[in-house]
Amino acid sequence: MTHPAQPPQDHAPLGAGPAPGGPALPGRGPVAPLRLSPKVLLIDPVRMLPSLLLPLVGVLFVGGFSGRSYVWAAVGLAGTVAFAVVRWATLTYEVLGDRLEIRRSLVSRSVRTIPLERIRGVDVSTPPLHRVLGLTVLKIDTGASGGDEEGRLDGVTLKEAERLKAVLLRRAGAAEAPVPAGPASTRRRSRTSGSTWPTTTPTPSRPPG
(Lines give C-alpha, C1' and ligand atoms only; values in the text may rest on other atoms or scores of the structure.)
Protein backbone atom coordinates (compact mmCIF):
# COMPACT_ATOMS: atom_id res chain seq x y z
CA MET A 1 0.00 0.00 0.00
CA THR A 2 1.49 3.28 -1.07
CA HIS A 3 0.92 6.59 0.63
CA PRO A 4 0.43 9.78 -1.35
CA ALA A 5 3.51 11.94 -1.56
CA GLN A 6 3.48 14.79 0.93
CA PRO A 7 4.28 18.29 -0.36
CA PRO A 8 7.64 19.59 0.80
CA GLN A 9 7.48 21.77 3.88
CA ASP A 10 9.79 24.66 4.59
CA HIS A 11 11.10 23.79 8.02
CA ALA A 12 14.45 25.11 9.17
CA PRO A 13 16.76 22.47 10.61
CA LEU A 14 17.09 22.35 14.36
CA GLY A 15 19.80 24.59 15.69
CA ALA A 16 19.92 26.71 12.54
CA GLY A 17 20.27 30.43 13.19
CA PRO A 18 18.22 33.21 11.62
CA ALA A 19 18.88 34.21 8.05
CA PRO A 20 21.14 37.21 7.51
CA GLY A 21 19.12 40.38 7.91
CA GLY A 22 16.14 38.46 9.25
CA PRO A 23 14.52 38.52 12.66
CA ALA A 24 16.62 37.71 15.71
CA LEU A 25 14.23 35.05 16.98
CA PRO A 26 12.02 32.60 15.06
CA GLY A 27 8.45 33.76 14.81
CA ARG A 28 9.28 37.36 15.71
CA GLY A 29 9.74 40.39 13.52
CA PRO A 30 12.78 42.68 13.52
CA VAL A 31 13.47 44.43 16.82
CA ALA A 32 12.28 48.03 16.66
CA PRO A 33 14.51 50.89 17.87
CA LEU A 34 14.07 51.72 21.55
CA ARG A 35 12.97 54.97 23.18
CA LEU A 36 13.55 56.57 26.54
CA SER A 37 11.07 55.87 29.32
CA PRO A 38 7.85 57.92 29.02
CA LYS A 39 8.38 58.97 32.65
CA VAL A 40 11.03 61.40 31.41
CA LEU A 41 8.13 63.58 30.21
CA LEU A 42 7.56 64.46 33.86
CA ILE A 43 11.17 65.66 34.20
CA ASP A 44 11.70 67.75 31.07
CA PRO A 45 9.00 70.37 31.81
CA VAL A 46 10.34 70.78 35.35
CA ARG A 47 13.86 71.35 34.02
CA MET A 48 12.53 73.88 31.50
CA LEU A 49 10.50 75.77 34.09
CA PRO A 50 13.31 78.09 35.34
CA SER A 51 13.91 79.38 31.80
CA LEU A 52 10.16 79.91 31.31
CA LEU A 53 9.43 81.48 34.67
CA LEU A 54 10.45 85.02 33.72
CA PRO A 55 8.50 85.08 30.40
CA LEU A 56 5.39 83.71 32.12
CA VAL A 57 5.55 86.32 34.88
CA GLY A 58 6.07 88.99 32.22
CA VAL A 59 2.95 87.84 30.36
CA LEU A 60 0.91 88.02 33.58
CA PHE A 61 2.18 91.50 34.42
CA VAL A 62 1.62 92.87 30.90
CA GLY A 63 -1.88 91.43 30.85
CA GLY A 64 -2.66 92.83 34.29
CA PHE A 65 -3.33 89.34 35.66
CA SER A 66 -6.47 89.21 33.58
CA GLY A 67 -8.14 86.09 32.28
CA ARG A 68 -6.48 86.51 28.91
CA SER A 69 -2.99 86.70 30.46
CA TYR A 70 -3.62 83.44 32.32
CA VAL A 71 -4.72 81.86 29.05
CA TRP A 72 -1.47 82.90 27.37
CA ALA A 73 0.52 81.58 30.32
CA ALA A 74 -1.32 78.26 30.06
CA VAL A 75 -0.60 78.16 26.32
CA GLY A 76 3.10 78.65 27.06
CA LEU A 77 3.10 75.76 29.55
CA ALA A 78 1.21 73.54 27.11
CA GLY A 79 3.76 74.36 24.41
CA THR A 80 6.56 73.35 26.77
CA VAL A 81 4.90 69.99 27.44
CA ALA A 82 4.25 69.46 23.71
CA PHE A 83 7.91 70.21 22.92
CA ALA A 84 9.02 67.63 25.53
CA VAL A 85 6.70 65.02 23.99
CA VAL A 86 8.06 65.67 20.51
CA ARG A 87 11.65 65.38 21.77
CA TRP A 88 10.86 62.07 23.45
CA ALA A 89 9.05 60.66 20.40
CA THR A 90 11.81 61.61 17.95
CA LEU A 91 14.78 60.15 19.87
CA THR A 92 15.55 56.45 19.46
CA TYR A 93 18.57 54.25 20.06
CA GLU A 94 19.59 50.81 18.84
CA VAL A 95 22.59 48.46 18.95
CA LEU A 96 23.27 47.31 15.38
CA GLY A 97 26.06 44.77 15.03
CA ASP A 98 29.27 46.55 15.98
CA ARG A 99 27.85 50.02 16.65
CA LEU A 100 25.35 51.97 18.74
CA GLU A 101 23.13 54.40 16.87
CA ILE A 102 21.31 57.30 18.55
CA ARG A 103 18.86 58.93 16.15
CA ARG A 104 17.06 62.23 16.53
CA SER A 105 14.65 63.66 13.97
CA LEU A 106 13.28 66.74 15.70
CA VAL A 107 13.93 69.28 12.93
CA SER A 108 16.36 67.43 10.67
CA ARG A 109 17.28 63.78 10.97
CA SER A 110 20.61 63.21 12.70
CA VAL A 111 22.31 59.92 13.56
CA ARG A 112 25.13 59.60 16.06
CA THR A 113 27.08 56.39 15.47
CA ILE A 114 29.39 55.05 18.19
CA PRO A 115 31.56 52.06 17.23
CA LEU A 116 31.53 49.56 20.09
CA GLU A 117 35.29 49.05 19.84
CA ARG A 118 35.80 52.71 20.84
CA ILE A 119 33.77 52.48 24.04
CA ARG A 120 36.03 52.86 27.09
CA GLY A 121 33.39 53.07 29.80
CA VAL A 122 29.67 53.26 30.52
CA ASP A 123 28.46 55.28 33.53
CA VAL A 124 25.00 55.04 35.08
CA SER A 125 23.93 57.90 37.37
CA THR A 126 20.67 58.77 39.15
CA PRO A 127 20.00 62.49 39.72
CA PRO A 128 17.38 63.34 42.40
CA LEU A 129 14.41 63.75 40.03
CA HIS A 130 15.36 60.59 38.16
CA ARG A 131 15.67 58.63 41.40
CA VAL A 132 12.11 59.51 42.41
CA LEU A 133 10.78 58.11 39.10
CA GLY A 134 13.14 55.14 38.95
CA LEU A 135 15.10 56.54 35.99
CA THR A 136 18.80 56.90 35.27
CA VAL A 137 21.19 58.74 32.98
CA LEU A 138 23.49 56.51 30.92
CA LYS A 139 26.71 58.10 29.66
CA ILE A 140 29.02 56.45 27.13
CA ASP A 141 32.69 57.46 27.15
CA THR A 142 34.86 56.73 24.12
CA GLY A 143 37.98 58.51 25.36
CA ALA A 144 38.10 60.58 22.17
CA SER A 145 36.63 63.87 23.38
CA GLY A 146 38.74 64.90 26.35
CA GLY A 147 36.98 62.62 28.83
CA ASP A 148 33.47 63.83 27.98
CA GLU A 149 30.82 61.31 27.11
CA GLU A 150 30.06 60.91 23.43
CA GLY A 151 26.68 59.28 23.94
CA ARG A 152 24.04 60.17 26.52
CA LEU A 153 20.66 58.57 27.16
CA ASP A 154 18.82 60.70 29.70
CA GLY A 155 15.76 58.89 31.03
CA VAL A 156 16.14 55.11 30.81
CA THR A 157 14.96 52.76 33.53
CA LEU A 158 17.52 51.22 35.85
CA LYS A 159 16.87 47.75 34.43
CA GLU A 160 17.34 48.96 30.84
CA ALA A 161 20.48 50.89 31.80
CA GLU A 162 22.08 47.81 33.36
CA ARG A 163 21.09 45.67 30.36
CA LEU A 164 22.45 48.16 27.85
CA LYS A 165 25.66 48.64 29.85
CA ALA A 166 26.30 44.89 29.89
CA VAL A 167 25.61 44.61 26.13
CA LEU A 168 27.87 47.53 25.21
CA LEU A 169 30.80 46.46 27.37
CA ARG A 170 30.52 42.80 26.36
CA ARG A 171 30.46 43.57 22.64
CA ALA A 172 33.15 46.22 23.01
CA GLY A 173 35.41 43.66 24.70
CA ALA A 174 34.68 41.12 21.98
CA ALA A 175 35.55 43.67 19.29
CA GLU A 176 38.89 44.43 20.96
CA ALA A 177 39.84 40.76 21.45
CA PRO A 178 43.02 40.03 19.43
CA VAL A 179 42.85 37.42 16.70
CA PRO A 180 45.38 34.65 17.40
CA ALA A 181 48.03 34.36 14.69
CA GLY A 182 48.34 31.06 12.89
CA PRO A 183 51.52 28.91 12.76
CA ALA A 184 54.44 30.21 10.74
CA SER A 185 54.13 27.32 8.35
CA THR A 186 50.63 28.36 7.38
CA ARG A 187 51.57 31.91 6.42
CA ARG A 188 51.81 32.17 2.68
CA ARG A 189 52.15 34.90 0.13
CA SER A 190 50.29 34.90 -3.10
CA ARG A 191 51.06 37.16 -5.99
CA THR A 192 47.56 38.64 -6.06
CA SER A 193 46.73 39.03 -2.35
CA GLY A 194 50.18 39.68 -0.93
CA SER A 195 50.01 36.86 1.64
CA THR A 196 53.09 34.84 2.58
CA TRP A 197 53.91 31.51 0.91
CA PRO A 198 56.64 29.23 2.18
CA THR A 199 59.55 29.07 -0.25
CA THR A 200 61.90 26.14 -0.71
CA THR A 201 65.29 26.08 -2.39
CA PRO A 202 65.51 23.28 -4.97
CA THR A 203 68.34 20.79 -4.43
CA PRO A 204 70.54 20.46 -7.53
CA SER A 205 70.55 16.96 -8.92
CA ARG A 206 73.84 15.17 -9.51
CA PRO A 207 74.62 13.65 -12.93
CA PRO A 208 74.67 9.89 -12.95
CA GLY A 209 78.13 8.47 -12.41
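Predicted model: local features only at pLDDT ≥ 70, side-chain atom pairs only at ≥ 80, totals over all residues.
Visitor: Which helix gives the most to the nonpolar patch?

Guide: Helix H1, residues 44-62, does. It contributes three residues. Tyrosine 70 sits in helix H2, residues 67-89.

Visitor: Why does tyrosine 70 count as partly exposed?

Guide: Its relative accessibility is 47%. Buried means under 20%, and exposed means over 50%. The value lies in between, so tyrosine 70 is called partly exposed.

Visitor: How do you know that S1 and S2 pair?

Guide: Pairing takes at least two bridges. S1 and strand S2 (residues 99-104) have six, in the antiparallel sense. Therefore they count as paired. Threonine 92 stands opposite arginine 103, and valine 95 stands opposite leucine 100.

Visitor: What lies between those two strands in the hairpin?

Guide: Two residues do. In this hairpin, glycine 97 takes a positive phi near 60 degrees.

Visitor: What makes S2 and S3 a pair?

Guide: Again, the cut-off is at least two bridges. S2 and S3 have six, also antiparallel, so they pair. Isoleucine 102 has arginine 112 in S3 as its bridge partner. A hairpin of five residues joins S2 to S3.

Visitor: Why are S1 and S3 called edge strands?

Guide: The open sheet runs in the order S1-S2-S3. S1 (91-96) and S3 (110-115) each pair on one side only. Neighbouring strands are turned by 15 degrees against each other on average, direction ignored.

Notes. Residues numbered from 1 in each chain as written. Heavy atoms only, no water. Helix = DSSP H or I, 4+ residues; strand = E, 2+ residues; numbered from the N terminus. Axes fitted to C-alpha atoms, helices over the stretch in contact; angles between N-to-C directions. Buried < 20%, exposed > 50% of the residue type's maximum accessible area, 1.4 Å probe, protein only.
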